Amino acid sequence: MANDSDTSYATAGPKAIQQMMNTTVFDGNVDAVVVNGDNIHGNEFGTSKVPQNINRTKEFVGILNSTFIDTDVFVNMGNHDNGTVWSTAPSAVISQDDLARFYGVNEPRFGETRNKFLAYKDYESKKIRVITINTFDNPDVLDDNGKIKYPTGKFSIFTNSQIQSLVRALQTVPDDYHVLVFTHQPLEGYFGNRPYDYMTNINHDVVKAILQGFATHTNVSITGVNPEFATSVTADFTQSKGTLIGVVSGHEHRDDTVQSQNGVNGFLRTCFISVGQDRTVGESTQYAFDVIEVDHDNRRITFKRFGKGDDYSYGY
């Protein structure tokens with residue numbers, strides 16, 4: 001018998017981790033899996049209780065690794081995963097270093113090139129490069145009151161280290177390869193991220209300029225405006241023969257049609273968690289995930305939806 005969908009993300013989150021096991025049918029039948037952030041709720045036990053959040057994170061990683069034994073798995077970070085969306089007390093959150101260690105992103109695992117959550121790998125038979133970028137590369141620094149200064153509930157930050165890694169990832173794309181990028185939060189200016197009145201985006205303009213330079217095969221010269229997160233990029237993409245398919249994001253809990261800016265396509269896809277939106281536990285609508293197909297020769301990306309929602313195809 002089917003049950004109604006959960007009304008709380010806190011109660012639905014653990015169920016989503018468990019139902020991930022049912023996707024093992026895809027193991028070995030797809031090139032890669034991208035788990036694109038908000039992998040735990042972060043507040044299901046009350047105000048960000050660290051031991052419980054660590055255990056939930058370890059549960060998520062364990063199930064993910066056992067579900068996809070024979071498939072490359074890219075794990076991204078969302079705003080919920082370290083707990084700072086709920087609390088700014090250092091004792092109530094998971095540090096960025098610990099989170100990276102739990103997820104196993106400090107070292108390459110399947111032949112990818114990696115700088116923590118920023119990772120990329122080529123799939124030679126498909127001529128595709130997959131790149132993940134962390135939209136919450138927020139450092140664990142404290143303010144004058146001893147609180148987390150840059151919580152993920154208020155700041156989305158690209159640090160210089162990650163930005164330089166992105167430049168290298170795009171400058172080394174082989175000829176005739178097509179590039180698909182994944183972020184948890186949409187880049188500023190896409191899908192309502194203007195930013196929100198409570199959100200400050202730092203160095204989003206720099207990342208967008210880099211992607212635009214690669215997409216349009218032009219030179220890039222840009223300096224970040226935030227002195228605490230100084231960065232400067234000079235990159236020549238004029239000789240690049242790669243193609244940017246676009247940037248796939250979540251975060252908004254909804255699907256939308258493509259949005260394009262200066263040659264960079266943005267794709268928004270809904271979340272796996274079964275909350276609202278006619279999502280019914282015990283039926284296929286409790287799920288919502290895509291199998292992504294890229295037709296390299298005809299320059300078309302297709303999101304084939306399993307569960308709630310519809311397929312979406314776009315010629316790039």
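The model is predicted, so local features need pLDDT of at least 70 and side-chain atom pairs count only at pLDDT 80 or more, while totals for chains, interfaces and linings use all residues. Residues are numbered from 1 along each chain as its sequence is written, and side-chain values use heavy atoms, with hydrogens and water left out.

**Helix pairs**

Two packed helices are described by the angle between their axes and the distance between the axes. Here helices (H or I, at least four residues) and strands (E, at least two) are DSSP runs, numbered from the N terminus. Axes are lines fitted to C-alpha atoms, for helices over the stretch in contact, and angles run from 0 to 180 degrees between N-to-C directions.

Select residues 160-171, which form helix 4, and residues 204-216, which form helix 5. The axes of these two helices are 11 Å apart, and the packing angle is about 5°. Helix 4 is therefore roughly parallel to helix 5 (angles under 35 degrees count as roughly parallel, over 145 as roughly antiparallel, 65 to 115 as roughly perpendicular and the rest as oblique). Helix 4 contributes Ile163, Leu166, Val167 and Leu170 to the contact, and helix 5 contributes Val206, Val207, Ile210, Leu211 and Phe214; contact means heavy atoms within 4.5 Å. By class, this contact of helix 4 with helix 5 holds nine nonpolar residues, no polar and no charged ones (Ala, Val, Leu, Ile, Met, Phe, Trp, Tyr, Cys and Pro count as nonpolar, Asp, Glu, Lys and Arg as charged, and the others, Gly among them, as polar).

Next, select helix 2 (residues 50-67) together with helix 3, whose axes are 9 Å apart at an angle of about 30°. Helix 2 is thus roughly parallel to helix 3. To view the contact, show Ile54, Thr57, Lys58, Phe60 and Val61 of helix 2 with Leu99, Phe102 and Tyr103 of helix 3. The residues in the contact of helix 2 with helix 3 comprise six nonpolar, one polar and one charged.

**Salt bridges**

Side chains of opposite charge can pair when their charged atoms come close. A salt bridge is a side-chain nitrogen of Lys or Arg within 4 Å of a carboxyl oxygen of Asp or Glu, and by this rule the count comes to 15 salt bridges.

Select lysine 121 and aspartate 72, whose side chains meet in a salt bridge of 2.8 Å, N to O. The pair links distant parts of the chain, 49 residues apart: lysine 121 is in strand 4 (residues 118-123) and aspartate 72 in strand 2 (residues 72-75). Both lysine 121 and aspartate 72 are buried; buried means under 20% relative accessible area, exposed over 50%, and partly exposed in between (1.4 Å probe, protein chains only).

Return to helix 3 (residues 96-103), where aspartate 98 and arginine 101 lie three residues apart, about one turn of the helix. Their salt bridge has its closest N and O atoms 2.9 Å apart. Aspartate 98 counts as partly exposed because its relative accessibility is 28%.

Then show Asp255, Arg269, Asp290 and Arg305, which are linked in a network of salt bridges.

**Aromatic rings**

Rings of Phe, Tyr and Trp (its six-membered ring) pair if their centres lie within 6.5 Å; planes under 30 degrees apart count as stacked, over 60 as edge-to-face and the rest as tilted. By this rule the count comes to 15 aromatic pairs.

Select phenylalanine 74 and phenylalanine 110: the ring centres are 5.0 Å apart and the planes at 80°, so the pair is edge-to-face. Phenylalanine 74 lies in strand 2 and phenylalanine 110 in the loop between helix 3 and strand 3 (113-115), so the pair ties together parts 36 residues apart in sequence. Phenylalanine 74 and phenylalanine 110 are both buried.

Finally for the rings, show Phe26, Phe272, Tyr287, Phe289 and Phe306, which form one aromatic cluster.

**Two single residues**

Select glutamine 19, in helix 1 (residues 9-19). Glutamine 19 counts as buried, at 8% relative accessibility. Residues up to four places away in sequence aside, glutamine 19 touches Phe272, Gln286 and Tyr287.

End at phenylalanine 303, in strand 15 (residues 300-307). Phenylalanine 303 is buried, with a relative accessible area of 1%. Apart from neighbours within four places in sequence, the contacts of phenylalanine 303 include Arg269 and Asp290.
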